[in-house]
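Please look over the structure first, then read on.

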Amino acid sequence: MAAMTDRYAVFGHPIAHSKSPHIHAAFARQTGQDMTYEAILAPLDGFAASVAQFIVVGGRGANITVPFKEQAFALANRLSPRAQRAGAVNTLLFDADGILGDNTDGAGLVADLTRNLNCPLAGKRILLVGAGGAARGVIEPLLDQKPSALVIANRTVSRAQELAGLFGHGVTACGFDAADTPFDLVINATAASLAGELPPLSPRVFTADTLAYDMMYGRDTPFLSFARTHGAATADGLGMLVEQAAEAFYLWRGVRPDTAPVIAALRA
Ligand code: NDP
């Protein structure tokens, strides 16, 4: 009997916009892996049942996106240390021992910054704007790069303080008005760009040596254009998207795809 092709999927709601099927199909072609990858719209009240159904029909792993990352964290019976610290899961692996939950978002961001954008983080001052799930997921991988400071600025200051408290030494929290000195790297991890809004940052955080990074991708954002106006170099989150996918692909298949041509094709 012929072996079944391994199945993977991304679960989200909505999901039609997802670029993940395209990215993983490109990785599979490039590395000669026999697998399929589809997008699955899970009902808002039926995430766990959708995943269970996918495992029954031969699913080997999955990516998880909005709004199910916390539910995926709860669903996994084993967690990688980085998923544990992130409090959210964006990658599942199904095996004989059940469901392993991982979080590759932070590794994806760090890979994009350090490898694709040539922005080493050791000794750098980093301003992380936002204190939601995306911010939480990237803190530990950023700290692993040994920046000299990591400041979390958020509209609701108490959420930034809560997050800083989880990570302790080297992380401080403030409101937007208190972040008014220059940073080497300013990362927008808020959902403001989704609504076409600008987090009310001081222009003093940007200099000609600053890299301003928006986790959002697919269009120029008010944050990136504000940063550019104040002299900073800018980058969107498309590289992070492809790099987090590559990290998931490696977990599932044990092979590292070449991300550069995939990022270039998506940009084109
Ligand atoms: P959450 O809803 O969990 O977090 C929302 C955050 O945004 C909070 O800090 C909130 O502040 C802040 N916020 C929302 N609106 C505004 C506003 N108008 N002005 C200032 N702050 C605002 O979202 P996520 O953390 O899940 O996602 C954040 C972004 O990251 C999204 O754009 C998402 O697409 C992107 N992302 C990109 C990835 C990639 O691979 N490139 C991966 C993961 C996420 P408050 O606490 O005050 O409400």
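## The parallel sheet

Strands E7 (residues 125–129) and E8 (residues 149–153) run parallel and are joined by 5 bridges. Within this pair, Leu127 stands opposite Val151 of E8. Two strands count as paired if DSSP finds at least two bridges between them. Helices (H or I, at least four residues) and strands (E, at least two) are DSSP runs, numbered from the N terminus.

The model is predicted: local features need pLDDT of at least 70, side-chain atom pairs count only at pLDDT 80 or more, and totals for chains, interfaces and linings use all residues. Residues are numbered from 1 along each chain as its sequence is written, and side-chain values use heavy atoms, with hydrogens and water left out.

The pair belongs to an open sheet of 6 strands, in the order E9-E8-E7-E10-E11-E12, with parallel pairing. Strand E9 (171–174) and strand E12 (233–235) are at the edges; each has a single partner strand, so one side of each is left without a neighbour in the sheet. On average, neighbouring strands of this sheet are turned by 20 degrees against each other, direction ignored. Helix H8 (residues 222–229) packs on the sheet and touches strand E10 (185–188), strand E11 (211–214) and E12. The direction of H8 makes about 170 degrees with that of E11. Contact here means heavy atoms within 4.5 Å. Axes are lines fitted to C-alpha atoms, for helices over the stretch in contact, and angles run from 0 to 180 degrees between N-to-C directions.

## The mixed sheet

Another open sheet has 6 strands in the order E2-E1-E3-E5-E6-E4, and its pairing is mixed. Strand E2 (35–41) and strand E4 (78–79) are the edge strands, each with a single partner strand, so one side of each is left without a neighbour in the sheet. E4 and strand E6 (residues 98–102) run parallel, joined by 2 bridges. Leu79 has Gly101 in E6 as its bridge partner.

Two helices lie across this sheet. Helix H9 (residues 238–253) lies across E1, E2, E3, E5 and E6, at about 10 degrees to E5.

## The ligand site

Polar contacts are pairs of N or O atoms within 3.5 Å. A polar side-chain atom of Arg159 lies 2.7 Å from a ligand oxygen atom. Backbone atoms take part too. A polar one of Met215 is 2.9 Å from a ligand nitrogen atom, and a polar one of Gly237 is 3.1 Å from a ligand nitrogen atom. The protein covers 79% of the 950 Å² of accessible area that the ligand has on its own (Shrake-Rupley method, 1.4 Å probe).

## Backbone details

The peptide bond from His13 to Pro14 is cis, with omega near 5 degrees. Pro14 lies in the loop between E1 and helix H1 (20–31). Val66 and Pro67 are also joined by a cis peptide bond, with omega about 5 degrees. Pro67 sits in the loop between E3 and helix H3 (69–75).

Asn118, a residue other than glycine, has a positive phi near 55 degrees. Asn118 lies in the loop between helix H5 (105–116) and E7.

## The whole chain

The protein chain has 10 helices and 12 strands. The C-alpha trace spans about 65 × 35 × 30 Å along its principal axes.

Definitions and conventions:
Polar contact = N/O pair within 3.5 Å; in protein donor to acceptor, adjacent residues only side chain to side chain.
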